[in-house]
Amino acid sequence: LKDMDDAVIAENLFLNNRVGAFVDNSPREMASTTRFQGNVFAFNDIGITMLPSVRRNHLTHNSFINNTEQVKIAGGGRLQDNRWYRNYWSDYVGYDGDGDGVGDIPYRAERLFENLMDRYPMLRLFLYSPATQAIDFAARAFPLVTPQPKLVDAQPLMAPQFPSGLPPLPPPSGNQGTFTAGGLLLFAGLLVLFPFVPIRSRTLSSLQTAHGGKAMVQVQNLCKRFGAHIAVDHLSFAIRPGEAVALWGPNGAGKTTVLRCLLGLVPFTGQVQIGEYEIRRQGKAARRLIGFVPQELHFYDELTVRETMRFYARLKKTALAPIGELLQQLGLAEYAQKPVRELSGGMKQRLALAVALLADPPVLILDEPTTNLDTAARHEVLQLLSALQSAGKTLLFSSHRLDEVLALADRVLVLQEGRLRGEYSPAELPRHVGKRMLLRLWVPEERIDAALTLLTAQGFSAARNGTSLWVQVAPQEKGVPLGLLIQAGIPVTDFDIAAAQKEGE
């Protein structure tokens, strides 16, 4: 990566290379970032090489497996302003006391021999000699010679993550993982004299069972009753990692109830699994994988934006360091010291997204994410969500807006009376869900009666709804009412497309 801005490197396999990735002056512009997410660096001489001058590289949920040197700083020096977060490191020496899949102590890349080798490449000749182990042992035994760590991953993963559809990893080639006889003897002697904390070791087959090929969200025979009323009726579906899926349907179809079940907020029957965790038996672990944005936002109005982020970070028991980056990423940095009460609806929605992303969850669940937003704010929120999906997030959201579904979803699950009526691509949705659509139009209040009279005179079924109009149209005629109003000199300030209806409903 040479002089690149805003590059996203996601879900690739870097296997058996001299160097898996080389980063030089990327990103170049101060406002840009480079993102490595969900990649596997396995059995390379060097997983990633970086020049010490590179900044603003974000590396999350990557797996570094048995590389001779996981990360190299070309020519020595120190890496600064790069984010290493929740990656898997095969040489991690640590533990997971609470069983949440994240190491309880940070991963530190601070091997003295690697540090010397980065500055003096000719030392690589001694890579598999007894000198390597002797130097690193001396650094651990005498902390005065321990080098500054190349990087620190505050929350290392205890198990690797694999892109969906990844073929089986071949065995390492060359001299990966080999030692000279002298090195083995020295290492065995050190084990006798100085017992080490055991490093987690896995076979290739067991490494690949972590996430490869599995659904990120899996729902089977989900049922929810409120007394005699069946809100969700034997619903089953699965969502692949990195996929955006919409729950579509009119009010009362069961969309919000499904999301509440997935969050473990209400009792239900059936099975819901998030990642590898079943929500009813392992609710705490499952919810760690989820960021939730509710339809109705509730913040403490007197807190500033930054104080709100710090408050929720403490509740989630996450690091405070990513707060500044999230505020910058979501366009909230200039509002950091503003009280929440002074934010617009769009800015509050961005803040809700920022709170949901504090723990960098792989799954985002959103209930009507653009409700009550104007056109500009709705467009901005959809762009943010699309960027998050491009960065590897799995999205499940409820909606009754066709434009929202067309802009964001890979698949649409149509619900009716709690049942799955059909599963379609966004392009197929208008053809399958019905022959009529509800078009909501906003015109100046003093012109509503004139607009209603005009549309009904032209044969449209229309009704007033407060400061707006509902108009029933065929999918191919959505623009006709707008054209009629504009020709009559009645300005349309905004419009919305709601769930379709079949004839007779």
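Tutor: Happy to! Keep in mind that this is a predicted model. Let us begin with a pair of helices: H9 and helix H10 (residues 375-390) have axes 9 Å apart and pack at an angle of about 20 degrees.

Student: Is H9 roughly parallel or oblique to H10?

Tutor: The angle between H9 and H10 is about 20 degrees. Angles under 35 degrees count as roughly parallel. So H9 is, relative to H10, roughly parallel.

Student: Which residues of H10 does H9 meet?

Tutor: On the H9 side, the residues are Gly346, Gln349, Arg350 and Leu353. By class, the contact of H9 with H10 has two polar, two charged and six nonpolar residues. The H10 partners are Ala377, Glu380, Val381, Leu384, Leu385 and Leu388.

Student: How many nonpolar residues are in the contact of H7 with H8?

Tutor: H7 brings Val305, Arg306, Met309, Arg310 and Ala313, while H8 brings Ile323, Gly324, Leu326 and Leu327. One residue of this contact is polar and two are charged. The nonpolar count is six.

Student: Which class do the residues between H13 and H14 belong to?

Tutor: Helix H13 (residues 448-457) and helix H14 (residues 479-487) pack at about 125 degrees with axes 10 Å apart, and the two are therefore oblique to each other. Ala451, Leu454 and Leu455 of H13 touch Pro481, Leu484 and Leu485 of H14. The contact of H13 with H14 has no polar and no charged residues, and its six residues are nonpolar.

Student: Is the crossing of H13 and H14 left-handed or right-handed?

Tutor: We can look at the other pairs alongside it. The crossing of H9 and H10 is right-handed, and the crossing of H7 and H8 is right-handed. For H13 and H14, the crossing is right-handed.

Student: Let us turn to the second largest pocket. Which residues are closest to its centre?

Tutor: This pocket holds about 970 Å³ of space. Its lining has 30 residues, with 16 nonpolar, five polar and nine charged. Helix H6 (283-287), strand E19 (290-293), helix H7 (305-316) and helix H9 (345-356) each supply at least two of the lining residues. The closest to the centre are Arg287, Arg288, Ile290, Leu315 and Lys316.

Student: Is the peptide bond from Ser26 to Pro27 cis or trans?

Tutor: Pro27 sits in the loop between strand E3 (19-23) and strand E4 (34-37). Most peptide bonds are trans. From Ser26 to Pro27, omega is near 0 degrees, and the bond is cis.

Student: And what is phi of Arg86 near?

Tutor: Arg86 lies in the loop between strand E10 (83-85) and strand E11 (88-89). Most residues other than glycine have a negative phi. Arg86 has a positive phi, near 55 degrees.

Definitions and conventions
Residues numbered from 1 in each chain as written. Predicted model: local features only at pLDDT ≥ 70, side-chain atom pairs only at ≥ 80, totals over all residues. Heavy atoms only, no water. 1 Å grid on protein atoms, 1.4 Å probe; cavity = no way out; pocket = protein on both sides within 12 Å on 5 of 7 lines; lining within 4 Å. Points joined across faces, edges and corners; volume = space filled by probe spheres on them. Helix = DSSP H or I, 4+ residues; strand = E, 2+ residues; numbered from the N terminus. Nonpolar A, V, L, I, M, F, W, Y, C, P; charged D, E, K, R; others polar. Axes fitted to C-alpha atoms, helices over the stretch in contact; angles between N-to-C directions. Parallel < 35°, antiparallel > 145°, perpendicular 65-115°, else oblique. Left-handed = near helix turned anticlockwise from the far one by under 90°. Contact = heavy atoms within 4.5 Å.
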